[in-house]
Amino acid sequence: MGEITEDRWAAATGALRTAVAAGDPILLVCHVNPDGDALGSMLAVGQALRKLGATKVQATYPGPSALPEPFLVLPGLDLLVDSPEAPVLMVTLDAAAESRLGAYASLLGEVPTIVLDHHASYTGFGDIPLVDSGAAATAVVAAELISRLGVPLDLQIAECLYIGVITDTGSFKYALTTPEVHRLAADLLETGLDPGEISSRVFDTRPFGAVKLYGEVLSRAVLEPENRLVWSAASLADLERHGQAPYVLEGLIDGIRCAAEADVACLLKQVGPAEWSVSMRSRGGVDLSRVAVALGGGGHRAAAGFTGYGTPAEIMDRIRIALGE
Ligand code: 5GP
Ligand code: MN
């Protein structure tokens with residue numbers, strides 16, 4: 001937690017304790033289209049605040065309304081609401097830019113806001129930033145906050161934090177998998193959680209139709225050796241043909257980025273007639289946070305994304321230009 005000062009921690013824990021003691025509504029908001037880190041961190045903090053005595057803590061995200069199936073058995077889902085009551089204190093999780101909060105961004109400036117995040121591209125919104133770009137996951141920051149609030153880990157909180165950690169470290173593979181991350185994982189396992197079952201459920205259980213879809217998207221991948229680039233695209237028609245929900249495409253970038261001839265991999269996932277959610281990965285040499293910010297998104301050096309408009313060919317042209325700048 002090198003980047004977060006003691007003053008910041010004290011301000012955040014103080015604001016939370018005051019709100020809990022007063023019985024004030026506290027709203028937790030994570031980023032649109034939540035992944036395991038966003039949702040896991042949010043539900044962990046929500047359950048910890050309840051254990052601290054909070055009676056009015058609610059959690060939400062800007063959409064889409066249906067959660068990916070692997071998340072439907074997460075502990076703390078009863079914290080989630082579609083229309084939260086007006087909060088006195090807000091906590092945002094895993095969102096590096098106001099745009100990632102959708103309509104909830106309008107509360108910024110009106111409601112004191114604690115920001116829990118770990119993105120290099122964090123834009124500086126909110127009042128009390130608990131943001132450490134050296135943290136492997138927002139869940140790592142959330143675990144520290146929960147510890148500083150004096151709430152002991154239980155099985156439910158630990159499962160949520162664990163899902164955040166394994167999502168954002170690629171199950172302890174990526175560069176920010178520090179000794180601290182492994183020590184946190186050890187603390188989480190001490191609560192008795194079952195890492196094999198959680199991994200299997202969250203990452204390794206998909207409908208057979210998803211397997212066939214992966215085959216098609218991978219077989220269409222294009223390698224551009226001169227640009228050290230590999231990419232593919234999955235359309236809404238592809239999803240429909242195989243009867244699959246968009247969430248099954250999370251993680252498919254891993255199947256593309258292993259191409260040895262490329263330093264950068266992209267997967268374009270269609271979300272509207274001319275709208276694509278773009279996932280980018282690098283081997284570390286290319287700073288994709290910079291590239292993604294230039295294209296209207298954000299992320300980390302080795303993993304970043306943005307929303308692209310037009311055709312896949314047009315979006316790839318923009319990526320090649322941004323990579324060259
Ligand atoms: P993924 O490819 O797994 O969806 O996202 C990789 C990283 O890029 C994550 O840290 C995520 O927060 C960030 N990211 C993905 N899409 C967007 C986007 O549209 N806007 C911003 N600001 N960040 C994004
Ligand atoms: Mn994250």
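Predicted model: local features only at pLDDT ≥ 70, side-chain atom pairs only at ≥ 80, totals over all residues.
Local features need pLDDT of at least 70 and side-chain atom pairs count only at pLDDT 80 or more, while totals for chains, interfaces and linings use all residues. Residues are numbered from 1 along each chain as its sequence is written, and side-chain values use heavy atoms, with hydrogens and water left out.

**The second largest pocket**

- The second largest pocket has a volume of about 230 Å³. A pocket here is an open set of points on a 1 Å grid over the protein atoms alone, where a 1.4 Å probe fits, with protein on both sides within 12 Å along at least five of seven lines. Points are joined across faces, edges and corners, and the volume is the space filled by probe spheres set on them.
- Its lining (residues with an atom within 4 Å of a point) includes V140, E144, R183 and D187.
- Helix 3 (138-148) and helix 5 (179-190) are the elements that give two or more residues to this lining; helices are DSSP runs of H or I, at least four residues, numbered from the N terminus.
- Helix 3 supplies the largest share, five residues.
- By class, the lining has six nonpolar, one polar and four charged residues.

**Strands around strand 11**

- Strand 9 (residues 275-282) and strand 11 (residues 303-309) pair in the antiparallel sense over seven bridges. Strands are DSSP runs of E, at least two residues, and pair if DSSP finds at least two bridges between them.
- Strand 10 (residues 298-299) is also antiparallel to strand 11, with two bridges, and a hairpin joins strand 10 to strand 11 through three residues.
- In strand 11, G305 stands opposite S279 and also opposite G298.

Key:
Chains lettered and ligands numbered in written order. Nonpolar A, V, L, I, M, F, W, Y, C, P; charged D, E, K, R; others polar.
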